[in-house]
Amino acid sequence: MTPPQPAPSASSAPPLPVHRLLSGQKALVTGANSGIGRGVAVGLAQAGADVMVNYVAGDDAAASVVDEIRRSGARGAAFKADVSSEDEVEAMFHSMREQFGTIDILVANAGLQRDAPFPDMTLEHWNKVLSVNLTGQFLCAREAVREFLRRGVVPEVSCAAGKIICMSSVHQEIPWGGHANYASSKGGIRMMMESMAQELAPRRIRVNSIAPGAIRTPINTVAWQTPQAYARLMTLVPYGRIGEPEDIARAAVWLASDHSDYVVGTTLFIDGGMTLYPGFATGG
Ligand code: NAD
């Protein structure tokens with residue numbers, strides 16, 4: 001009887017050129033015409049991946065991300081779809097397969113806030129945040145996993161059959177008054193990601209999350225736009241600066257690459273120390 005063969009691993013493969021870590025890979029980034037999604041889409045392209053840019057509104061912004069992707073030498077395409085619509089997500093993955101042949105990397109990033117004090121929070125605002133931030137990630141991840149399982153591992157492309165990065169938040173850990181819907185959606189992502197990672201690792205699918213702290217994007221303009229707001233924000237950030245989309249993009253490239261091949265079911269906090277309870281630095 002033939003002994004079981006070891007699974008392919010990054011250490012048995014030839015060394016990866018650092019700047020083209022994702023050559024030959026096909027990626028889909030949701031909510032990629034703004035903020036973190038935009039930065040991640042461009043970062044993946046600069047690392048050699050072809051990238052589909054999902055967006056729900058803002059044709060011009062999506063087209064400019066695609067231009068930037070193409071300038072880096074990768075293939076790019078835009079697809080307008082609401083990630084909370086099952087039909088639209090299925091159509092997007094159909095288009096991904098038609099245009100790029102398959103998918104190797106999903107970055108489930110699309111998200112929004114609808115803030116309100118708890119007694120005033122409407123069911124509409126609750127449902128909207130949960131349906132985009134949590135159900136949207138579920139629908140996209142399910143389609144990606146179906147394609148990963150259909151295609152399996154292609155060792156010349158990656159050690160894994162596929163990689164999913166869920167964009168979570170420090171608010172999967174830190175409760176957030178006035179944002180109960182948002183914090184609940186991110187807490188849900190944590191358990192969805194870990195359950196998927198546990199279930200799918202034996203099929204060589206790696207699922208992980210990135211949990212950003214305060215990153216300079218349109219979602220949180222009020223938190224950084226004025227010097228007073230910025231100073232207040234810095235009381236929550238031991239490292240003393242706001243994060244930039246590129247801080248997240250560089251980590252996403254690593255998490256999507258075979259350099260992180262043994263990283264499974266982990267949340268990578270990229271938050272300048274926000275989750276270190278900075279209020280306890282001098283007291284408590
Ligand atoms: P952003 O507002 O700049 O980008 C959000 C993107 O999601 C936009 O492209 C938007 O069009 C898209 N989107 C919204 N609803 C959608 C839908 N139904 N279908 C498809 N796309 C949709 O904000 P951002 O800061 O770049 O946020 C990106 C992700 O990062 C979100 O999941 C957010 O929760 C998370 N995050 C951001 C921060 C931060 O400080 N900026 C911190 C933690 C987590």
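A salt bridge is a side-chain nitrogen of Lys or Arg within 4 Å of a carboxyl oxygen of Asp or Glu. The structure is a predicted model, in which local features need pLDDT of at least 70 and side-chain atom pairs count only at pLDDT 80 or more, while totals for chains, interfaces and linings use all residues. Residues are numbered from 1 along each chain as its sequence is written, and side-chain values use heavy atoms, with hydrogens and water left out.

**View 1. A network of salt bridges links Glu86, Glu90, Arg142, Glu143 and Arg146.** A search of the whole structure finds 16 salt bridges. In the pair formed by Glu143 and Arg146, the closest N and O atoms are 3.0 Å apart. Both residues belong to helix H4 (residues 123-151) and are three residues apart, about one turn of the helix. Helices (H or I, at least four residues) and strands (E, at least two) are DSSP runs, numbered from the N terminus. An α-helix has 3.6 residues a turn, so residues three or four places apart point the same way. Glu143 counts as buried because its relative accessibility is 8%, and Arg146 counts as partly exposed because its value is 46%. Buried means under 20% relative accessible area, exposed over 50%, and partly exposed in between (1.4 Å probe, protein chains only).

**View 2. Arg204 forms a salt bridge with Asp261.** The closest N and O atoms of this pair are 4.0 Å apart. Arg204 is partly exposed, at 26% relative accessible area, whereas Asp261 is buried, at 14%.

**View 3. Arg241 forms a salt bridge with Asp247.** Here the closest N and O atoms are 2.9 Å apart. With a relative accessible area of 37%, Arg241 is partly exposed.

**View 4. Helix H6 (residues 227-234) has buried residues, among them Ala229.** Leu233 and Met234 are buried as well.

**View 5. Glu124 is a residue of helix H4.** Its relative accessible area is 63%, so Glu124 is exposed. The C-alpha atoms of Glu124 and Leu44 are separated by 35 Å, and the two residues are 80 residues apart along the chain.
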